[in-house]
Amino acid sequence: MESHEQLVAAFLSGELDPAQARRWDEHLLECETCWRAVQEDRAGRQAAQVLRQPAPPGLADRVAFAVEVAAAGGTPAQRQSPLPARLRRRGRPGRRLPRRLAGAGMLAVGVAVTLLVVLLPRGRETGSMPPAVAAVARYAQAIPSPGGNQGSHPAGRAAPVEVGRPVTVTAGGQTIVLRIWRLGGTEAVVAVSDRPFPMPANVRGVPGMAMAWTARAGTVSLYCLNGTTSELLAGPVPGAELEALAARLPPA
Amino acid sequence: MDVRAVDDDHREFLDATLPYLDAVWQVARHAAVDGQDPEDLVQETYLRAFAGFGSYRGGSTRAWLAAICLNVARSQARRRQRRPREVPGPAPLDVLPWSRADGGEGAADVADVVIAGLDVEKVSWCLALLPEPQRVCITLVDVAGYTAREAAEALGCPRGTVLARVHRGRRRLAQLLAEARVSHGEP
């Protein structure tokens, strides 16, 4: 036997079966206390329902990207599921993703391209890297190389321009905020984390910069600068251009 | 949907769980406290769900996601509480931009007043004043659209308990809003 308050809530949630609903209607006609309880319950329910708010645009893409990174980055989830090989065998890794990303804007397209690249052979070039660095490098692989006649060298005192919106991911247990910045003809991913990015095997030091290193990941250059936070720049341009971009970025 | 039939694959995981993103978002918005970012909470929920997807025993997928989201929010809140705490501000009702009533209004008036003057910010403030069990149940059932059975599964309690908490919470919410004179006819 359900209590009256359970019956009121079930009635207003439409969860009474027909027989219960009929008995409850009959009871309401006779019971002033329950009638008032129903009125208050209905008012509270209508009030709570105004709090419904659709999920922000781009949240689905962010979640999908984070899961993709986790799957490819050596997390426990990836060990349960050898995804890259299976997805390559399917031969249609991006078929469903663009549908989810339709209309989500330039960043979403960037994510889609990135995820495609993750699954292509070139994506394996980051396989030996620490997961956090590999995630940034893979993200940068979606950036097209600057055209030869466009002049990729950042000139003058132009300020970098942020492209799209930031994306937050977790890779290798490290929370990373990814942004894309453009300076002149150069576009690069700027990843910021509270924890220092682990150094890959092929790392080189930067003359005069004790806390900086550079490396290559396939067609992508990496430039990491450590301070209060750790910033990792990645793009399909020479490392020197990333250094120039880093010098002009606003503080993280 | 029985997710046991779904292969342990991240694309299939996303296909099985992303349809419930909106429901998880509703839960995260109201479970996030003390500076937590609801979007971060949603992302962490999905990452933990993905990590546990292979061992998930089945049942309602969105109830499972809600349970994870609430657990993540609680564990993050506990972690934050271990850090140095700020001096708490005034109670929510004291800083509301509207006056409190002296009470004593009839029950029928409560419903009329509330329905006449719904405002998202005020409702949100008043919802935050409810005891946590009632607040969580109202969030799941009325805001996120879970059935009482799904909410019970997410919370690990009987369905009747959920229904009772929802009812008490709704009535208390209505009374708080009426006390705060959320009406077009506010003097």
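A salt bridge is taken here as a side-chain nitrogen of Lys or Arg within 4 Å of a carboxyl oxygen of Asp or Glu. By this rule, 5 salt bridges are counted between chain B and chain A. In one of them, the side chains of Glu40(A) and Arg171(B) meet at 2.8 Å, N to O. The model is a predicted one, in which local features need pLDDT of at least 70 and side-chain atom pairs count only at pLDDT 80 or more, while totals for chains, interfaces and linings use all residues. Residues are numbered from 1 along each chain as its sequence is written, chains are lettered from A and ligands numbered from 1 in the order in which they are written, and side-chain values use heavy atoms, with hydrogens and water left out.

Chain A holds 10 helices and 7 strands, where helices (H or I, at least four residues) and strands (E, at least two) are DSSP runs numbered from the N terminus. Of its 252 residues, 48% count as buried, that is, under 20% relative accessible area with a 1.4 Å probe and protein chains only. The accessible surface of chain A, from the Shrake-Rupley method with a 1.4 Å probe, comes to about 12,100 Å², and carbon and sulfur atoms hold 56% of that surface. With contact defined as heavy atoms within 4.5 Å, 51% of the contacts in chain A between residues at least 6 apart in sequence join residues at least 24 apart.

Chain B has 10 helices and 0 strands. Of its 187 residues, 52% count as buried. Residues 24 or more positions apart account for 74% of the contacts in chain B with a separation of 6 or more. The chain exposes about 8,600 Å², of which carbon and sulfur atoms supply 47%. Within chain B, Thr61(B) lies in helix H4, residues 61–81. Thr61(B) counts as buried because its relative accessibility is 1%. Its C-alpha atom is separated by 9.6 Å from that of Ala154(B), 93 residues apart along the chain.

The size of an interface is often given as the accessible area lost when the parts come together. Chain B and chain A bury about 4,900 Å² between them, with 57% of it on carbon and sulfur atoms; this buried area is the accessible area (1.4 Å probe) that two parts lose on being put together, summed over both. In chain B, Arg11(B), Gln43(B) and Arg170(B) lose the most area to chain A, together 16% of what that side buries. In terms of contacts, 56 residues of chain B meet 53 residues of chain A.

Across the interface, 15 residue pairs are in polar contact, both residues at pLDDT 80 or more. A polar contact is a pair of N or O atoms within 3.5 Å; within protein, one must be able to donate a hydrogen and the other to accept it, and residues adjacent in sequence count only if both atoms are side-chain atoms. On the side of chain B that touches chain A, H10(B) gives the largest share, 14 residues.

Helix H1 of chain A, residues 4–12, has as its buried residues Gln6(A), Leu7(A), Val8(A), Ala9(A), Ala10(A) and Leu12(A). The cover over these residues includes helix H2 (18–30) and helix H3 (32–49) of chain A, together with H10 of chain B. H1(A) is followed by Gly14(A), whose phi is positive, near 70 degrees.

Conventions
Buried < 20%, exposed > 50% of the residue type's maximum accessible area, 1.4 Å probe, protein only.
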